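Thanks for coming. I will go through a few side chains in this structure, one group at a time.

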Amino acid sequence: MKKITNLRIIPLGGLAEVGRNMILLEYKERILIIDAGFRLPEEDMPGVDYIVPNIEYLKGKQKNILGLVFTHGHYDHIGAVPYLVQKIWN
């Protein structure tokens with residue numbers, strides 16, 4: 001019998017909030033990243049300059065990343081690119 005592999009949809013940020021949008025689509029160990037946004041801090045977050053998605057899940061899986069797709073050009077979808085690209089791809 002053939003094993004069926006499922007598509008995994010993994011949100012790394014942006015759920016129930018405006019900002020730090022990032023979702024992974026993972027299928028057969030290949031990963032496609034959708035968006036890489038940041039979020040500005042609220043008034044009750046003194047000392048915080050910006051908030052980016054938690055990419056801990058991607059550590060050690062860089063070779064499996066196929067690419068990065070943006071849904072549109074707002075900062076809450078593209079703003080984290082300068083902060084995360086070097087951590088995702090050396």
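Let me start with Tyr27, which lies in strand β2, residues 22-27. Keep in mind that this is a predicted model. Tyr27 has a relative accessible area of 41%, so it is partly exposed. It also belongs to a nonpolar surface patch of about 380 Å², made together with Leu7, Ile9 and Ile23.

Next, the aromatic rings. A pair of aromatic rings is described by the distance of the centres and the angle of the planes. How many aromatic pairs are there here? The count comes to two, taking ring centres within 6.5 Å as a pair.

One of them is Phe38 with Tyr75. The ring centres of Phe38 and Tyr75 are 6.0 Å apart and the planes are at 10°; planes under 30 degrees apart count as stacked, so this pair is stacked. Where do the two residues sit? Phe38 is in the loop between β3 (30-34) and β4 (65-69), while Tyr75 is in helix α1, residues 75-78. The pair therefore ties together parts that are 37 residues apart in sequence.

Are these two residues buried or exposed? Phe38 has 17% relative accessibility and counts as buried, because the limit for buried is under 20%. Tyr75, at 60%, counts as exposed, because that is over 50%.

The other pair is Tyr50 with Tyr83. Their ring centres are 4.2 Å apart and their planes are at 25°, so this pair is stacked as well. Tyr50 is in the loop between β3 and β4, and Tyr83 is in helix α2, residues 81-88. The pair links distant parts of the chain, 33 residues apart. Tyr50 is partly exposed, with a relative accessible area of 36%. Tyr83 counts as partly exposed too, at 35% relative accessibility.

There is one more ring to mention, that of Tyr57. Lys61 lies over the face of Tyr57, at 3.5 Å from the ring centre.

Lys61 also comes up in my last item, Ile31, as one of its contacts. Ile31 is placed in strand β3. At 0% relative accessibility, Ile31 counts as buried. Which residues is Ile31 in contact with, leaving aside its neighbours within four places in sequence? Those contacts are Leu24, Leu25, Glu26, Leu58, Lys61, Asn64, Ile65, Leu66 and Gly67. As for Arg8, its C-alpha atom is separated from that of Ile31 by 9.3 Å, and the two residues are 23 residues apart along the chain.

That is the end of my list.

How values were computed. Residues are numbered from 1 along each chain as its sequence is written. This is a predicted model: local features need pLDDT of at least 70, side-chain atom pairs count only at pLDDT 80 or more; totals for chains, interfaces and linings use all residues. Side-chain values use heavy atoms; hydrogens and water are left out. Patches are made of residues with over 30% relative accessible area and no salt bridge: like charges are joined within 9 Å, nonpolar side chains (Val, Leu, Ile, Met, Phe, Trp, Tyr) within 5 Å. Accessible areas come from the Shrake-Rupley method with a 1.4 Å probe; for residues, only the protein chains shown count as cover. A salt bridge is a side-chain nitrogen of Lys or Arg within 4 Å of a carboxyl oxygen of Asp or Glu. Helices (H or I, at least four residues) and strands (E, at least two) are DSSP runs, numbered from the N terminus. Buried means under 20% relative accessible area, exposed over 50%, partly exposed in between (1.4 Å probe, protein chains only). Rings of Phe, Tyr and Trp (its six-membered ring) pair if their centres lie within 6.5 Å; planes under 30 degrees apart count as stacked, over 60 as edge-to-face and the rest as tilted. A charge sits over a ring if NZ of Lys or CZ of Arg is within 6 Å of the ring centre and within 35 degrees of the ring normal. Contact means heavy atoms within 4.5 Å.
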